[in-house]
Amino acid sequence: MKSKTASYPYLIWTTLFIVVPMAMVVFFAFTDQSGAFTLQNLSTVGRYSNVFVRSIWLGAIATAISLVLGYPLAYTIAQGTERRQNVMIMLVMLPMWMNFLLRTYAWMTLLEDNGLLNNALAAIGLGRIHMINTQGAVVLGMIYNYIPYMILPIYSVLTKIDQSIIEAAQDLGADQKRVFLRVVFPMSIPGVISGITMVFVPAVSTFIISKMLGGGGNLLIGDLIDMQFLGSAYNPNLGSAISLVLMVLILICMGIMNQFDDGENEKGGLMI
Amino acid sequence: MKIASKVYTAFLFLFLYAPIVVLVVFSFNASSTRTMWGGFSMRWYEKLVQDQMLLLALRNTLLIAVISAALATALGTVAAIGINAYKGIARKMIMNVTKFPMVNPEIVTGVSMMLLFVFATRLFGDSSLGMGSLIIAHTTFCLPYVVLSVMPKLNQMDSHLYEAAQDLGCPPVCAFFKVVFPEIMPGIVTGLIMAFTLSIDDFVISYFTSGTTQTLPIYIYSMTRKRISPEINALSTVLFGVILLLLLVINLRKTKDKKAEVEK
């Protein structure tokens, strides 16, 4: 059953619809409207460096908070009985099955100036706080949408840790804190790494969350790209240049993250 | 569990579910504001059922999901078998290209395909973006998931089984369907289900490749842009109910299977 021919239809498909489009992004990024070579687009991207910085900054904050919030939950879930684990993991995944536009929309309802949270705050005598259309709201939206991607890989790594290793550490006199810091946490690093990438990549490149929760004032890279292709500022050449820079940035980040990981990076536990 | 971790778990689940509860509760709101309760009513559900655009979008979404999941599963399964025959650098390169759409930001994949499709429509004239481009795009981003769920099953399989079948007089095609296919079936099914759900749920890539064709997520997006549209709450509730029901059925079947296994 060794026939390479079987892969040809797939290779043709992938070339046509992955490789060629990517080549077109590169081509557009380095040409102007008439198709002549130019570096103008890439230098224009420089003008938006504040947007890039904001996206990376907000994405990084959202990723960090997701890790800090998600790790303890993954750890708690992994401690439970098998039946309990299944139920809890199902509960973590259930919101993900709802379209993320709807989930983000729900937060709009909650965060608005006349929204439910503010009404509740006013009712108990605390003043209203302006929450929607702030960077905080964008970060909240990112955390809400992507925290399951942090919890699931960490959980799946934690459950695979051999219990006898933990027992061995305890036998050798390590207390609970030491066992966690010296044994459990280091062994869960691969899960943490894939969690970080799975939260950071979509968070940095989102354009819906910023649009819905950030108002017009908190543009992210994704919004910028959207504007060049489907928005008022129609300019696919500039849009391609921004996409190219975003892609290179992400690939560099992934490369760095993979340095900490020992190869076998399965996209742990995404489904059912 | 200790009290602290119980409280913590409860807090996080509250965070995860509060927005969904709000959507569900307000879908029964009689008033058309998003945040004031005006009594119980089913009016948004009635509106939903009468919404022709929505029904069309739903039909498109299901059609695209069925076709592209089937296409991706067929193409991806055959591809996995082919890729398995490669060794060394060639294999590594193919796998890297395969994983690329999973790693690449969705928005970049979306705009890159948009560039291709716009170019193609200029080249071939009449056709414009729509069902065709959506099906191609969805098949493309589902493919890696199928390949990656079939590959491990192929690797786990004992390759001698296939040879043994041939030694016993089964021609290659027959040996494939009698021996290899049943072995890798779980991987294929997983791939198919993943492809289907990914396709139904996709917004970003569809957004850039749909032209004027509406899919459910795109329609939802246009609803959220309107700011006040309580219909959305009703729609969310219906979708959430369907998902919940599906998951319950799947889980019940799983426990049944387990029980049956134990009884054997």
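Analyst: In chain B, α7(B) brings B:L161, B:Y162, B:A165 and B:Q166 against B:P172, B:A175, B:K178, B:V179 and B:V180 of α8(B). Contact here puts C-beta atoms, placed from the backbone, within 7 Å. Helices are DSSP runs (H or I, at least four residues), numbered from the N terminus. This is a predicted model: local features need pLDDT of at least 70, side-chain atom pairs count only at pLDDT 80 or more, and totals for chains, interfaces and linings use all residues. Residues are numbered from 1 along each chain as its sequence is written, with chains lettered from A and ligands numbered from 1 in the order in which they are written.

User: Which way does α7(B) pass α8(B), left-handed or right-handed?

Analyst: The crossing is right-handed, that is, the near helix is turned clockwise from the far one by less than a right angle.

User: OK, chain A. What is its fold made of?

Analyst: Chain A has 13 helices and zero strands. Its C-alpha trace spans about 70 × 70 × 30 Å along the principal axes.

User: And how many residues sit in the contact between the chains?

Analyst: Chain A contributes 61 residues and chain B 58 residues. On the chain A side, α1(A) gives the most, with 14 residues.

User: What sort of residues are on that chain A side?

Analyst: The side of chain A that touches chain B has 42 nonpolar, 14 polar and five charged residues. Nonpolar covers Ala, Val, Leu, Ile, Met, Phe, Trp, Tyr, Cys and Pro; charged covers Asp, Glu, Lys and Arg; the others, Gly among them, are polar.

Note on methods. Helices (H or I, at least four residues) and strands (E, at least two) are DSSP runs, numbered from the N terminus. Two residues are in contact if their C-beta atoms, placed from the backbone, lie within 7 Å.
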